[in-house]
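Okay, thanks for coming, everyone. Let's get the model up on the screen and walk through it together.

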Amino acid sequence: MSKGKGKPKSKENADLLLVNAEEVLTLSSDTAKPRIGKQMCELGIIHDGALAIREGEIVGVGKTHDITKAFKGASVISAQGKIVLPGFVDPHTHLVFAGSREEEFQTRIQGASYLEILNSGGGILKTVKETRRASVEKLTSLGLERLDNMIAHGTTTLESKSGYGLNLEDELKILEVTKRLNQLHSSHIVSTFMGAQAVPIEYRGNTEEYVTLVIREMLPAVSKKGLAEFCDVFCERGAFTLEQAKRILVGGKSVGLKPKIHADEMSLLGGAEIAADVGAISAEHLIYTSSNGVKAMADKGVVAVLLPAAAFSLMTGKYANARLIIDSGVPVALGTDFNANCWIENQQLVVAMACHFMHMTQEEAITAVTINAAHAINRASEVGSLEVGKRADAIILNVPNHRFLGYRFGVNLVDKVIKNGRLVVDREKQDEPVFLNKNE
Ligand SMILES: [Zn+2]
């Protein structure tokens, strides 16, 4: 066919085009595995990039020139001067709880430790008391408000753990609320059962009996009702031992729940080794993990979910050794650890903390809140990168390039959020220009 002759190829229809982005961070790669080492720096950047979306799915990614040539968009959004990236994935939250702990925050400022507060019946046990008392309606409305905050800051997919019920009835209540929130809100929620988050007050001094309750009654009930995909446990002094954690995770596996573990957060117990041993999808916190634990995780491909905001809120000044973990070939993801003790709904701030306190580069941190976070919750085939066939979850940030992430912090950089192909947050429209009212 000679050049310039013949019919021009007709354009494919699309519902939405995002065009003229300074950068589109596709996070695309030829590996289907979580990114490790240097791969964490490869963001698959397209300059002057564009995205075509149809029926909630990505149907085209490329240069603006090529995408506008191939697709006709029913609506078109310009991202000029801005960047486009996958919606953030938050792989670790404790979304559903009632009450708050701002009084206790003050005693922590004055020097009380997490375990001291727990031993005096405060901390998580206070939240358990308030959550048990709360109705499904109350917990649902609290959850929706938090999800609104999260999506306004760019989080389109998140994991949520139960664990403020600590008895069969209230754990099921929390998981039912989680299911309801997933139906009501445009965010996508992945559910984790964490009945072993703490030893409830009525079992104090009798942890073994509570472990039996979790394994014999809670796990089968949660699995039968199909209320969770993962099982998590808090392996720590004052909570569950290595041996108990392992039994709970193996029990979870036997009823079809994939293991996750809160490991080595406040002391070195060896939770990372247990994660490798039971074939956990992820191990979380890892502040005190030894190099042996890191090696065991690398050998088994366990994702490290690092939670710098949790470390920040513990106020010990100690953070996970992200450099050692990344350089050892363990895939790293980042999460908020949103909970009553660490009230953060913003993955942008987590990126800033990862850069400042753990010496992760912006590229590594971006990989950790997108594709690797998706791997940590078994959703990497659907979200976490901008590739044809994936769910159209994308965010536009009001910065000229990706290195502003982590560098400019404390304000919300989100301009727009697209979830399942639908524009759900538009801060350009929602923000009133307050300066107009300066002179009365
Ligand atoms: Zn947690």
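Let me start with one residue. Leaving aside its neighbours within four places in sequence, Phe193 touches Ser162, Glu171, Leu175, Val214, Met218, Leu219, Val222, Ala228, Phe230, Cys231, Asp232 and Leu257. Before I go on, please keep in mind that this is a predicted model.

So what does Phe193 belong to? The largest nonpolar core has 121 residues, and Phe193 is listed with Ile261, Leu306, Leu334 and Met360 as those with the most contacts inside it. Helix 7, residues 207-224, gives this core its largest share, 7 residues. There is another core lying apart from that one, with 16 residues, and Leu18, Ile46, Ala392 and Ala394 are among them. As a general point, nonpolar side chains in soluble globular proteins tend to be buried together.

You'll find Asp232 in strand 9, residues 230-233. Is Asp232 buried or exposed? Asp232 counts as buried, because its relative accessibility is 0% and the cut-off for buried is under 20%. Again leaving aside neighbours within four places in sequence, Asp232 is in contact with Lys161, Thr192, Phe193, Met194, Leu249, Lys260, Ile261 and His262. Take Met194 from that list: Met194 and Asp232 are 38 residues apart in sequence, yet their C-alpha atoms are 4.9 Å apart in space.

Strand 11 (residues 282-285) and strand 12 (residues 303-306) are joined in the parallel sense over 3 bridges, and Ser282 stands opposite Val303.

Val303 leads us to another residue, Asn372. Asn372 sits in helix 15, residues 371-376. Apart from neighbours within four places in sequence, Asn372 is in contact with Pro34, Arg35, Met40, Val303, Pro331, Val332, Ala333 and Thr367. Asn372 counts as buried because its relative accessibility is 0%.

For contrast, look at Lys129, over in helix 4, residues 124-133. Lys129 is exposed, because its relative accessible area is 53% and exposed means over 50%. From the C-alpha of Lys129 to that of Glu145, 16 residues along the chain, the separation is 21 Å.

Okay, over to strand 1, residues 12-25. How many bridges join strand 1 to strand 4? There are 7, with strand 4 (residues 71-78) running parallel to strand 1, and Val19 has Ser78 as its bridge partner. Strand 1 also pairs with strand 2 (residues 45-54), over 7 bridges but in the antiparallel sense. There, Leu18 stands opposite Leu51, and Leu18 is one of the residues in that 16-residue core. Finally, 2 bridges join strand 1 to strand 5 (residues 83-86), running parallel, with Val24 opposite Val84.

The C-alpha trace spans about 85 × 60 × 40 Å along its principal axes. The radius of gyration is 22 Å, which agrees with the value near 22 Å for a compact globule of 440 residues. Of those 440 residues, 57% count as buried. Among contacts between residues at least 6 apart in sequence, 73% join residues at least 24 apart. As for the surface, the chain exposes about 18500 Å², and carbon and sulfur atoms supply 51% of that.

That's my tour, thanks.

Note on methods. Residues are numbered from 1 along each chain as its sequence is written. This is a predicted model: local features need pLDDT of at least 70, side-chain atom pairs count only at pLDDT 80 or more; totals for chains, interfaces and linings use all residues. Side-chain values use heavy atoms; hydrogens and water are left out. Two strands pair if DSSP finds at least two bridges between them. Helices (H or I, at least four residues) and strands (E, at least two) are DSSP runs, numbered from the N terminus. A nonpolar core is a set of buried Ala, Val, Leu, Ile, Met, Phe, Trp, Tyr and Cys residues joined through side-chain atoms within 4.5 Å. Buried means under 20% relative accessible area, exposed over 50%, partly exposed in between (1.4 Å probe, protein chains only). Contact means heavy atoms within 4.5 Å. The radius of gyration is taken over C-alpha atoms; the globule rule is 2.2 Å times the number of residues to the power 0.38. Accessible areas come from the Shrake-Rupley method with a 1.4 Å probe; for residues, only the protein chains shown count as cover.
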